[in-house]
There are 2 protein chains.
Amino acid sequence: MDVARSEVLVIGTSVACRSCQARHGVVCGALSAGQLSELGRHSLRRKVDAGCEIIAQGSENSFYSNITRGVVKLCKVMSDGRQQIVGLQFAPDFVGRPFVRESTLSAEAATDAEICVFPRNLLERMILETRELQRSLHAQALNELDAAREWMLTLGRRTAEEKVASLLHLIAAHAETATSTAFDLPLSRAEIADFLGLTIETVSRQLTRLRKEGVIRIENIRHITVPDMDALAKKISG
Amino acid sequence: MDVARSEVLVIGTSVACRSCQARHGVVCGALSAGQLSELGRHSLRRKVDAGCEIIAQGSENSFYSNITRGVVKLCKVMSDGRQQIVGLQFAPDFVGRPFVRESTLSAEAATDAEICVFPRNLLERMILETRELQRSLHAQALNELDAAREWMLTLGRRTAEEKVASLLHLIAAHAETATSTAFDLPLSRAEIADFLGLTIETVSRQLTRLRKEGVIRIENIRHITVPDMDALAKKISG
DNA sequence: CGACCACTTGATCATGCTCAACTAGCGTGG
DNA sequence: CCACGCTAGTTGAGCATGATCAAGTGGTCG
C-alpha cells in the first residue's frame, strides 16, 4: 500500500474539540476544561489513508493518539512474514501504550481514518497528574484485555466457520445501525485471514458457505447484510 | 478434581506480611504501612490444592487475591466443553478484575498454591484512594495485555511444534534457576493442550519429537531439562 | 480495451484431530 | 505383597479440516 499516506490537517484547538467524536472518549472525557484546552493546543489532527502505518512494530513510542474516525488494526508480524492481527480499535478509542518505550506491535489504519495526535511527554504528565485519566485508561486496558482473551478462545478453539461468524458478529456489534444489520467490512479478505489465523482462501470459502446457508448476504465485496442476527449468533457455539 | 479443596490458614496480619512473597508485588508494594496493616487485618490466607477453582466463570466477583505461592490458570470454557487457557499467573501476581461485577473467566490453581484474599469493597476503596495502587494495577493490566497478544500470535500463526516450544520457553523463563534450565511443568498434558489450542495427543507427540531431536530431556512426566536454551529458542520462529 | 488487483473456486496435500490400543505409575484392598 | 483398577500419558492408524497451489472471475482504472 505505497499509495497510502497521511496528512496533517489542522492544529487541534478547543474549538475543534467541541464537535470531536472522541470528546467524551477515554482520554478527553477524563480531562478538565483547562487540561482539554492545553492538550488541544499541542495536538494535531491527522488524516490517515487505509493501509497507512501509524506505529511501527519495534519503533519508539513518541506519541499517542485518539481515533476520531475509522478503524485501526493492531498487528504482530513474525520474521518469516506470518502475521496476526491482535486487536481492532474503533473511534473513539485511544491508541498507544503509555510509559513503554518500544512498541511490540504495529498500528495501521484499516479504513481511511482520522486520528488526533498527542505528544508523549504531555500526555504522560497528564496521566500522572490526573486521577480520572489514569482510571479511564486503566478501564480501557481491562476492556482490551477481555477482548483479547475472548479472541484467544476463538483462535484456539473455534472452527473456521465459527471464526468467520465471530468476526462478522464483532463488526456488526460495532456498526449497529439501529434495526437493519448491514455494514461495511473494515477489513480485506487478507486482513480477515490475519485476524482469524486462517488463509484468505478459507475465509472466502466460509463466507460463501454462510451466504449459501442464507445467514448473510454479500451485497458487494465489502458490504454485508445479516438478515437474521440470531442465525449468525447460532453459528458461534459457546 | 473433586479431591481438590481449599483451606483457610490464618488471618493475615502485618506480621505475616513481612515474609510474604507478594509483599512488594503489584498490590502490597503500592500501599503505605498504614494501608498495608489495614488490608492485612481484613485478609485471609488460603491454601488451594491443584485443580481447585478460585473464581468460577460467570460468578460474581466478591473478592480479589494475591498469589503467594504456585501457579494459577485463567480459563474460558464454551458451552460444549471446549476450553482455552487464556492466561497463566505466577506468584506474586494479583488475580481479579476490579470494578467488574461478573467474571468472564474462571481462575483455577494449576499447582498447589497459596493465595491471600482481600474483600472486594476494601480493595476497591483503596484503589480509589491510592494513586500508586491504581498505577500499579494499570501496569499489571498492560503487561497481561501484552502477554495475551503475544499468545494470540502463537495461537493463530504457529505450528504445533512451535507452540509447544513457546510454552516450554515461557515456563522456563518463569522458573529460571540461574544457570541450569530444569523445571517442573505446572500443567498437565491436557492443560498444555488447552493453553495451546491443541489436543493432548498432539502435545505428547511434539514433546517426544523435541526429546528425540535432543532439544529437551523429559526426566519424568512433569520434569523437563533444556540442555541448550538457544536450541529451544530456535524452534520458535519469530 | 487491456492490465491489474482482490477475490473466488477447484484439486490436491498435510497438519493436526479422532479413535483406539497400549504402557507406566500409584493407591487400595484382598 | 501382589492383583486390581484408575489416572495420565504415549503411540499408532486413518481421517478431515484447513493449507497450498493453480486457474478463473469481476470490477476498476488508465
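A salt bridge is counted where a side-chain nitrogen of Lys or Arg lies within 4 Å of a carboxyl oxygen of Asp or Glu. By this rule, one salt bridge is found between domain 1 of chain A and domain 2 of chain A. The structure is a predicted model, in which local features need pLDDT of at least 70 and side-chain atom pairs count only at pLDDT 80 or more, while totals for chains, interfaces and linings use all residues. Side-chain values use heavy atoms, without hydrogens and water; residues are numbered from 1 along each chain as its sequence is written, and chains are lettered from A and ligands numbered from 1 in the order in which they are written.

Chain A is assigned domain 1 (6–146) and domain 2 (158–234), with bounds taken from an automatic or database domain assignment. The contact between them (heavy atoms within 4.5 Å) involves 10 residues of domain 1 and nine residues of domain 2. The centres of the two domains, taken over C-alpha atoms, are 27 Å apart. About 890 Å² is buried between the domains, 66% of it from carbon and sulfur atoms; buried area is the accessible area (1.4 Å probe) that two parts lose on being put together, summed over both. Ile85(A), Leu88(A) and Phe90(A) provide 52% of the area that domain 1 buries against domain 2, more than any other three residues. The salt bridge pairs the side chains of Glu191(A) and Lys73(A), at 2.6 Å from N to O.

On the side of domain 1 that touches domain 2, the elements giving two or more residues are β5 (71–77) and β6 (83–90) of chain A. Strands here are DSSP runs (E, at least two residues) and helices likewise (H or I, at least four), numbered from the N terminus. The strand β6(A) gives the most, with six residues.

In one salt bridge, Glu162(B) is joined to Arg82(A), with the closest N and O atoms 2.8 Å apart.
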